[in-house]
Amino acid sequence: MRGFLRARLPEAMIPAAFVTVDGFPVLPSGKLDRNALPPPHPGTAPAFVPPRTPAEETLAAIWSDLLGRDRVGARDDFFELGGHSLLVVRLIARISDELGVELPLRRCFDATTVEEQALAVLEHALGTDLELLEEER
């Protein structure tokens, strides 16, 4: 199922878990009763990987603050931890303030883990610096 969805949707829109149900519970108004849905089955959660570089540590601290989490690991996914498009805008502003890099919005939707974003920040910073060096020649 994930492969089918990955071919058609951005990574941020792919559910973290799937639950099979016989029917959807509804409220008297006819709307979906979300509270009556069964919880997803606990899968094999990846082991916590602490941030390993200064960039990852800074990003994990930013995420922790934005998402209200005690700890964020290098392989944690922004959207699986509760992030959404409005928080991405705040994330970009914080990355700019704290790391001095203007990360493009689309890049934040493509790089959804701390380690991926740290690499994106470094790539963007290097690309910007290389452009400046080429202009000086």
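## Helix α2 and its end

G68 follows α2 and has a positive phi, near 65°. The model is predicted. Helix α2 itself covers residues 54-67, 14 residues in total. From its first C-alpha to its last α2 reaches 20 Å, close to the 20 Å expected at 1.5 Å a residue.

The buried residues of α2 include E56, L59, W63 and S64.

## Q117 in helix α5

Q117 is part of helix α5, which runs over residues 114-136. With a relative accessibility of 1%, Q117 counts as buried, because the cut-off is under 20%. Its side chain reaches the backbone oxygen of A111 at 3.2 Å.

Leaving aside residues up to four places away in sequence, Q117 touches L59, W63, L91, I95, C108 and A111. Two of these, L59 and W63, are among the buried residues of α2.

## Salt bridges

The whole structure holds 7 salt bridges. One of them joins the side chains of R94 and D65, at 2.6 Å from N to O. R94 lies in helix α3 (residues 85-99) and D65 in α2, so this pair ties together parts 29 residues apart in sequence.

E123 and R107 also meet in a salt bridge, at 3.3 Å from N to O. Here the pair ties helix α5 to helix α4, 16 residues apart in sequence. R107 is partly exposed at 28%, and E123 is partly exposed at 48%.

Within helix α4 (residues 105-110), R106 and D110 are 4 residues apart, about one helical turn. Their closest N and O atoms are 3.2 Å apart in a salt bridge. R106 is exposed at 53%, whereas D110 is partly exposed at 41%.

A network of salt bridges links R52, E56, R75 and E115.

How values were computed
Residues are numbered from 1 along each chain as its sequence is written. This is a predicted model: local features need pLDDT of at least 70, side-chain atom pairs count only at pLDDT 80 or more; totals for chains, interfaces and linings use all residues. Side-chain values use heavy atoms; hydrogens and water are left out. Helices (H or I, at least four residues) and strands (E, at least two) are DSSP runs, numbered from the N terminus. Buried means under 20% relative accessible area, exposed over 50%, partly exposed in between (1.4 Å probe, protein chains only). A polar contact is a pair of N or O atoms within 3.5 Å; within protein, one must be able to donate a hydrogen and the other to accept it, and residues adjacent in sequence count only if both atoms are side-chain atoms. Contact means heavy atoms within 4.5 Å. The expected span of a helix is 1.5 Å times one less than its number of residues. A salt bridge is a side-chain nitrogen of Lys or Arg within 4 Å of a carboxyl oxygen of Asp or Glu.
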